[in-house]
Amino acid sequence: MEKNNTENNQTNLIEVKEEKSNLLSSSLINSITTNFGDQVKLVYKKENRSKILVSPENLVETALYLRNNHGFDHAESASGTDYPADNQIEINYHLGSYSNTDYYPYILVLSTRVDRTDPKSNSLINIFPSVEYHERETYEMLGVFFLGHPRNERFILPEDWADMPPLRKDFRIKGR
Amino acid sequence: MSSLQEKIDEAKKLSLQITKETEDDRLMTLSVGPQHPGSGHFRFTIKVDGDYIVFVDPDPGYVHRGHEKMCEYRNHFQNIPHLERPVIHDSCNITYAYSLAVEDLVGITVPRRGQFIRALASELSRLSYTLYWLAIYGIFLGHSTMFMWPAGDRELLIDLLERLSGARVTNAFNIPGGVRNDIPYNFKEKCLAQVNYFETRLKEYEDIFYNNPLLRQRTEGVGILTKEDAIKLGVTGSVLRASGVPFDVRKVEPYDVYDEIEFKVQYMKTCDSFARAYVPVLDMRESCHIIRQLLDKMPDSGDVREKLQFNIKSSPGETYKRVESGRGALGYHVVSDGTPRPYRVKASVGSFRNLLALPFLLTGSKLGDMPAIYWSLNYWPVEADR
Amino acid sequence: MASLTPDFRFGNFVASIVWVLFVVLALVTVLILPIIFFTLFYIPLPVVDGQVLTPYLFFSMMVDPSRTLPILQFFMHTTLFKAAVFPGFVFAALIAAVTIFVERKLLAKMQLRVGPLYAGKVEGIFQLLADGLKLLTKEIIVPSGADKPIFWLAPIMFVATAAAVVALIPVAPGWVVADVDVGLIAVFAILGFFPLIALLFSWASNSKYPFIGGLRALHQMIAFEIPFFLSALPVVLLSSSLNLTEIARSQYMIWNIFLLPINAFVFFISSLAELERIPFDLPEAESEIVAGWLTETTGMIYGLIQLGSYLKLYALAGLFVILFLGGWYGPQIFPPELIPGAHESNLPLLQMLALDGVYNAITVNSVFWFLIKTIFIIFLMLVIRGINPRIRIDILLHTGWYKLIVLTFINLFVVLMLIYGGIIGPEGVISIR
C-alpha cells in the first residue's frame with residue numbers, strides 16, 4: 001500500500017485498516033459465538049475493539065477459552081463501572097495479546113455484570129496474573145468481592161478510610 | 001545456606017500471592033517509606049534476612065487524589081488540567097489519550113496540522129520524562145553526575161515545551177479537538193538546533209554512564225525478567241521491550257500521524273536491569289528522529305484545533321484509547337451517557353501495570369540491588385496512585 | 001518591643017567607664033598577675049641573644065622589633081605549637097576546610113553547574129563558614145532509647161582518632177607532632193579503631209538503618225585493612241625502617257612509586273574504602289539505607305563527623321605521599337634567604353622583612369612540595385567521586401579480599417627478588433646509603 005500524504009489516500013488507508021481489523025473482529029466473534037452460543041452477547045464491534053458481555057458464571061470459562069485458543073495473555077486494564085439505574089456493577093477486562101502478533105493492536109473487552117447489592121465475581125487471577133492489582137483496586141473502589149483473589153484489601157486508599165467505596169455513584173465528593 | 005536458599009525459592013514461588021509473614025527472629029522489617037531518599041512517593045515494606053530480601057509488600061496510595069472520581073464532576077475540557085497531574089513531566093502524553101478518547105466519542109477528527117503538533121509535543125514530553133527518570137536512576141545508584149547531566153540537558157527540552165505551551169511541566173496543551181495554540185514563529189529552527197545538540201549529548205551518556213564498569217556490575221544480570229514472565233505479568237513500555245517483546249503502541253496501533261513516520265521499535269533481549277536502563281536511551285534517540293521527521297512533514301498552515309463547544313455532549317457509548325507514554329501504554333476507558341460529563345473514566349497507566357513486577361523481582365534479591373531493580377521498572381509513584 | 005532609652009546623663013556614662021576600668025585592674029592584679037608568676041616557675045623560657053627572656057625584655061621588643069623573631073622561632077618549635085597549629089590540628093583543619101570547598105566546586109564544574117555561589121563575594125568562598133555556623137546552631141536530636149554516653153562520645157572519638165593519625169604525618173624534616181620509631185604501625189593501629197567507632201555509634205543510635213549501615217561499615221573497613229597493610233609492607237622492606245620520617249628520607253634517590261606501582265594503586269583504592277568515599281560509600285548509601293550509620297547525627301555531631309572524615313582524608317593522602325611519592329623531596333625552588341644579605345647587616349627592619357631565623361629554606365621547600373603532592377592526591381580522590389556510582393557490598397568484599405590482596409603479593413614478590421638481587425634496598429645499588 002503506497003503511503004501518500006493526501007487526504008484521499010488517508011481515508012483509503014483507514015478503510016483498509018478497518019476492513020482488516022473488522023475481519024479480525026469478525027473471525028474472533030464468530031469463533032466465540034460458535035463455542036458459547038448465546039451465553040455471550042456482543043455489545044459493540046469497532047475498529048480494533050470489540051466488547052462481549054458474559055454472565056458471571058461463564059466468565060472464567062470464556063477467559064480460559066480466549067487465553068488458550070486466541071492467545072490473549074494479559075489484561076491492559078480491569079475496572080468496574082457503577083450503574084445504579086440498573087442496580088448492577090459492570091466489570092470490564094480489557095484483554096490484549098503480546099504473544100500473538102495478529103492481535104497486537106486489538107483489545108477485546110470482556111465484561112460481566114454483577115448485582116449491586118451483593119457484588120461478587122470470580123477472579124481471573126489464575127488465568128491472567130496481570131489483573132491482580134487491578135482487581136484489588138476495583139474491590140476497594142467499588143466494593144466488588146473477587147472470589148479466589150488472595151488479597152481483597154485496601155490498596156490505594158488511606159488506612160483510615162471508613163466511608164463507602166468511593167467510585168460508587170452514591171459517594172459524593174464533598175461540596176459537589 | 002541451604003535453608004536460606006529454600007526460603008528464597010519458596011518466597012519466589014508465592015510471589016504472586018501473599019507470602020505468609022514468618023515468625024523468624026532473623027528477619028528485620030524495613031519500611032522503605034515515602035520519607036526515604038530511595039523510594040519516591042511510594043512505600044513498600046520489605047523483610048530482610050541479612051542482605052537478602054524475603055518479602056516485599058508494595059503499598060501505593062500516598063499521592064492518591066481521586067482523579068477518576070473527579071472526572072465525573074467536570075466536563076471534558078475541565079478534565080484536562082487535573083488529569084495531567086499524575087505525571088507532570090509527561091503531561092502531553094497523559095492528556096493525549098484522553099483527548100483521543102473524547103474525540104472518538106464525539107466523532108470528530110483533528111486537523112492535520114494539529115495532529116502533527118500534538119505528536120511533536122508528545123515526543124518532547126517523552127524525552128523530558130525519560131531524562132528525569134534517568135536522573136533519578138543515577139541518584140539511586142549513588143552517581144550524582146548521572147543525576148546532574150540529564151537534569152541539566154532536560155532544560156533544553158523544557159525550554160521548547162515552554163515556548164509551545166507556556167508552562168515547563170503540566171502543559172495542558174492537548175485538549176479534545178486538537179491543541180490549544182499554534183507553534184511560535186521560529187519554533188522549527190530552535191527545536192531542530194536543540195534536539196540535534198541533545199542527540200550528541202546522548203552519545204556522551206553512553207560513554208560515561210553506560211560504559212562505566214561499576215554501573216554495569218551493579219545492573220547487569222540483576223533482576224532478570226524473562227520474556228514469559230513479562231508477558232504473564234502484563235508489564236508494558238520499556239520494561240517489556242527490555243525483555244524482548246517489540247511492542248510499541250505507536251507502531252502496532254498508530255494514532256494520529258504515526259503511521260507516516262518511520263522509526264524502529266528498540267528492544268533488547270537481555271532482560272536484566274541494565275537492559276531496562278538502556279532501552280529508554282535508545283527510545284530517546286528514536287524520539288529525536290521522530291521529531292525531525294515531524295518538523296519536516298508538518299503542513300505549513302492550517303487549523304490546529306477543531307473548535308468544540310465548551311459543554312460538548314459526547315454520544316452515549318464507551319471507548320478505550322491508548323498512546324505510548326514514557327512508561328508504556330497509557331489507556332483511557334471512557335464511558336459516556338450523553339451528558340457533557342463522562343460517566344466513568346478509567347486510566348490504565350503503565351506504572352500501575354509495572355508495579356506487579358516489583359515483588360516478583362525483589363524477592364530473593366540482595367538489599368543492595370533494591371534501588372537498581374526498583375527504579376528500573378520505570379515506576380512513577382504519583383501516576384500509579386492517580 | 002524596645003523600651004524607650006532612659007535619659008542620657010554624661011556623668012553616669014563616665015562613671016560606668018571608670019567602673020569597667022576598675023574591674024579590669026582589680027582582676028589583673030588579683031588573678032592574672034599571680035597566675036603569670038606561678039606559671040613562670042614552670043615554663044622554660046627561651047634564650048634570646050644569650051639572655052633568658054623575661055617580661056621586661058619582652059616589652060623592650062617594642063623598641064627593637066627584630067627581637068620578636070627569635071621568640072617566634074622558639075615558639076614554632078615547641079610541642080604545643082606543633083600539635084595545635086603547624087603540622088597539627090589547625091593546619092589539617094584548614095586543609096580539610098579547603099578540601100570540602102574545592103570538592104564542592106570541582107564536582108559542580110564536572111556536573112555542569114556552579115556549586116556554592118552566594119556566600120561571600122567571590123564564588124561562595126565563605127560557604128564553609130556559613131555551613132559551620134549553621135551546624136553549630138542546629139538542635140541535636142538524640143533518638144529515644146539511644147545509648148547516650150556512646151552517642152555523645154563517638155563523634156568526639158572520631159575526630160580525636162583522625163587527629164591522632166594526622167599527628168603522625170611528617171610534613172618536613174623535623175616537623176612532625178609525634179616522631180615515633182614505629183610510626184607506620186602506629187598509623188595502622190589507630191586506623192583500626194575507626195570500624196569500632198562506626199559500629200558503636202550505629203548500635204547506640206537504636207535504629208534500623210544505622211544498624212545496617214554500621215555493619216556495612218565494619219565489613220568494608222575490615223575487608224580493606226588487609227590490602228592496606230600489605231601494600232605498605234614492601235615500603236618498609238625498601239627503607240628498612242618503620243619511622244615515617246626515615247621512610248620519606250629513604251626516597252631521596254628514587255620515589256617508591258616507580259618501584260611499587262601496583263602497591264601504590266592498591267593502597268590508593270584501599271584508602272578510598274577506608275575513607276568511605278564514593279565509590280565505596282556503602283555505609284552511607286543514601287538511596288538504600290537513608291544515611292547509613294550517620295542517619296541519627298544532627299547538628300554539631302554531624303559537623304564533627306564531617307570534620308573527622310576530611311581530617312582522615314588529609315591524613316591518608318599525606319600517608320600516601322610519604323610512603324610512595326617521596327614525601328617532601330623536590331627541587332629546591334626557595335632561595336636560602338628571602339632578602340640576600342639580611343642576616344649579616346644588622347639592620348632590624350631588613351631582618352624583620354627577611355624573617356631572619358624564622359625562615360628556613362629547606363623547611364619551606366619541603367612543606368611546599370609536600371603540599372603540592374598531597375593536593376594532587378586529594379584531587380584524584382575528588383575526581384573519582386564525580387564519575388562513579390556506588391559499589392555493592394558483595395562486589396566490594398570480593399574485590400577487597402580476592403583481587404587486591406593477590407595484587408599486593410605479586411608486587412611484594414617482585415620487590416623481594418630485586419632486593420635479593422642487590423639492586424634496591426638498603427644495601428643495593430640504588431639507595432641513599
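Author: The model is predicted, and the mean pLDDT of chain B is 87, with 96% of its residues at 70 or more. Within chain B, helix α12 (residues 273–297) has the highest confidence, at a mean of 92, whereas helix α1 (residues 2–13) has the lowest, at 73. Caution is in order for residues 16–20 of chain B, where pLDDT stays under 50. For this stretch the model has nine contacts beyond four places in sequence.

We may now turn to the sheets. One open sheet of chain B consists of three strands in the order β1-β2-β3, with antiparallel pairing. Strands β1 (28–32) and β3 (52–59) of chain B each have a single partner strand, so they stand at the edges and one side of each is left without a neighbour in the sheet. From one strand to the next, the twist averages 20°. Strand β1 of chain B is joined to β2 (residues 43–49) of chain B by five bridges, and the two run antiparallel. Among the residues concerned, B:Leu30 has B:Ile46 in β2(B) as its bridge partner.

In general, strands of a sheet pair through backbone hydrogen bonds, in either a parallel or an antiparallel manner.

Another open sheet of chain B has three strands in the order β6-β7-β8, and here too the pairing is antiparallel. Strand β7 (residues 329–336) of chain B runs antiparallel to β8(B), and five bridges join them. One example is B:His333, whose bridge partner in β8(B) is B:Lys346. Across β6 and β7 of chain B lies helix α4 (residues 91–106) of chain B, which runs at about 150° to β6(B).

Finally, there are the neighbouring chains. Two pairs of chains are in contact, and chains A and B share the most contacts. Chains A and C have no contact with each other, their closest C-alpha atoms being 24 Å apart. The contact between chains B and C takes 28 residues from chain B and 23 residues from chain C. On the side of chain C that touches chain B, the elements giving two or more residues are α14 (286–289), α17 (361–387) and α18 (393–420) of chain C. The residues of that side of chain C comprise 11 nonpolar, four polar and eight charged.

Technical notes:
Residues are numbered from 1 along each chain as its sequence is written. Chains are lettered from A and ligands numbered from 1 in the order in which they are written. This is a predicted model: local features need pLDDT of at least 70, side-chain atom pairs count only at pLDDT 80 or more; totals for chains, interfaces and linings use all residues. pLDDT is the predictor's confidence in each residue, from 0 to 100. Helices (H or I, at least four residues) and strands (E, at least two) are DSSP runs, numbered from the N terminus. Two residues are in contact if their C-beta atoms, placed from the backbone, lie within 7 Å. Two strands pair if DSSP finds at least two bridges between them. Axes are lines fitted to C-alpha atoms, for helices over the stretch in contact, and angles run from 0 to 180 degrees between N-to-C directions. Ala, Val, Leu, Ile, Met, Phe, Trp, Tyr, Cys and Pro count as nonpolar, Asp, Glu, Lys and Arg as charged, and the others, Gly among them, as polar.
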